[in-house]
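Subject: A structure for you to look at

Hi there,

Here is the structure I promised to send over. Have a look at it first, and then read on for my notes.

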Amino acid sequence: MSATRNGDPVASVDNIRRSLVLLGALLYPLSDERAALDAGDAESYVDAVAARMRGVCAQSQAILENSLRALTGDAGDTKPRRDRRKSRSPGGLPEDVRREVDRVLVECDVPDALDWLGRGASIGTDPQTPLEELVPLAARVAAAAVRLSAAAAARIDPSTATANGGDADAERAAVTAGGTVRTAQRIARVLDAWDMLADSPTAIIGCPPPPGSAPASSDPRPDGEQTGRRSLGVAAALAGGESAAAGAARSGALRRTRTDAVWSAGGAVQRD
């Protein structure tokens, strides 16, 4: 993918990789959550979890924005500029890319994300949003961001970089794209461990309940009360196995919660 009027796509993908690392760190409990739990301060604990989820939304939004910049290039398109304009969607994305972006957003249950970004709206920043709504939103936006980050990285063509700037640019492109995909895959595995059908927002992300509250049940809900997917299926989607992910989600309703507590896990997702 060559540089376009939208900037350097390799630079956009490198920005994606940086935001992915920050996102990866936010998938694990931070020190203020641990301190509030140790102190038995339920209000501070919930506030700390909410702040972390808003951070997940913010980093995911940055990933989405840079992914769209990288995907808006004219890479490999030899048609006259006049014809290229005709084949573009209203948002500036080529039609085939727009269809893929729309598909990912719908599958991740954030179909309005492009509209949010187009209006310059910040996702998940309202401090009045209850944790019961914020956690699932953060999870879905993160899933979409991770999937589109991999799509953007996959469109980087090191051979084009060689033609434009020599072997050094080709190496930069290959390293950036490969590192971004590997980081996305690591984050996908963490997101897939979140139990989207858990009985509380903290249980969804594998963390203890607020001090003084009862632990969420890990048993399957009674028949008729279970809706949606237990797993976000991000890793399978990155591997091209959307149908397998859907099957796993259906069978997950018959199993106990798959999410292991992450409270003792101190590792953030590392950058290459």
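How close do the axes of helix α5 (residues 95-107) and helix α7 (residues 131-154) come, and at what angle do they cross? They come within 9 Å, with a crossing angle of roughly 150°. Since an angle over 145 degrees counts as roughly antiparallel, α5 is therefore roughly antiparallel to α7. The crossing of α5 past α7 is right-handed. On the α5 side, the residues that meet α7 are V101, R103, V104, L105 and E107; their partners in α7 are A144, R147 and L148.

Before going further, please keep in mind that this is a predicted model. The average pLDDT of the chain is 80, and 71% of the residues score at least 70. Where pLDDT is low, the predicted coordinates should not be read in detail.

Now the overall picture. The chain has twelve helices and zero strands, so if you like helices, you will enjoy this one. Of its 272 residues, 44% count as buried. Taking contacts between residues at least 6 apart in sequence, 79% join residues that are at least 24 apart.

One is T176, which lies in helix α9 (residues 167-193). Is T176 buried or exposed? T176 counts as buried, because its relative accessibility is 5% and the cut-off for buried is under 20%. Its side chain reaches the backbone oxygen of R172 at 2.8 Å. Leaving aside neighbours within four places in sequence, T176 is in contact with V10, V13, D14 and R17.

The other is T72, found in the loop between α3 (42-71) and α4 (81-86). With a relative accessibility of 10%, T72 counts as buried too. What does the side chain of T72 reach? The answer is the backbone oxygen of L68, at 2.4 Å.

I would start with the α5 and α7 pair, where the axes come within 9 Å, and then turn to T176 in helix α9. Let me know what you make of it all!

Best wishes

Conventions:
Residues numbered from 1 in each chain as written. Heavy atoms only, no water. pLDDT = per-residue confidence, 0-100. Helix = DSSP H or I, 4+ residues; strand = E, 2+ residues; numbered from the N terminus. Buried < 20%, exposed > 50% of the residue type's maximum accessible area, 1.4 Å probe, protein only. Polar contact = N/O pair within 3.5 Å; in protein donor to acceptor, adjacent residues only side chain to side chain. Axes fitted to C-alpha atoms, helices over the stretch in contact; angles between N-to-C directions. Parallel < 35°, antiparallel > 145°, perpendicular 65-115°, else oblique. Left-handed = near helix turned anticlockwise from the far one by under 90°. Contact = heavy atoms within 4.5 Å.
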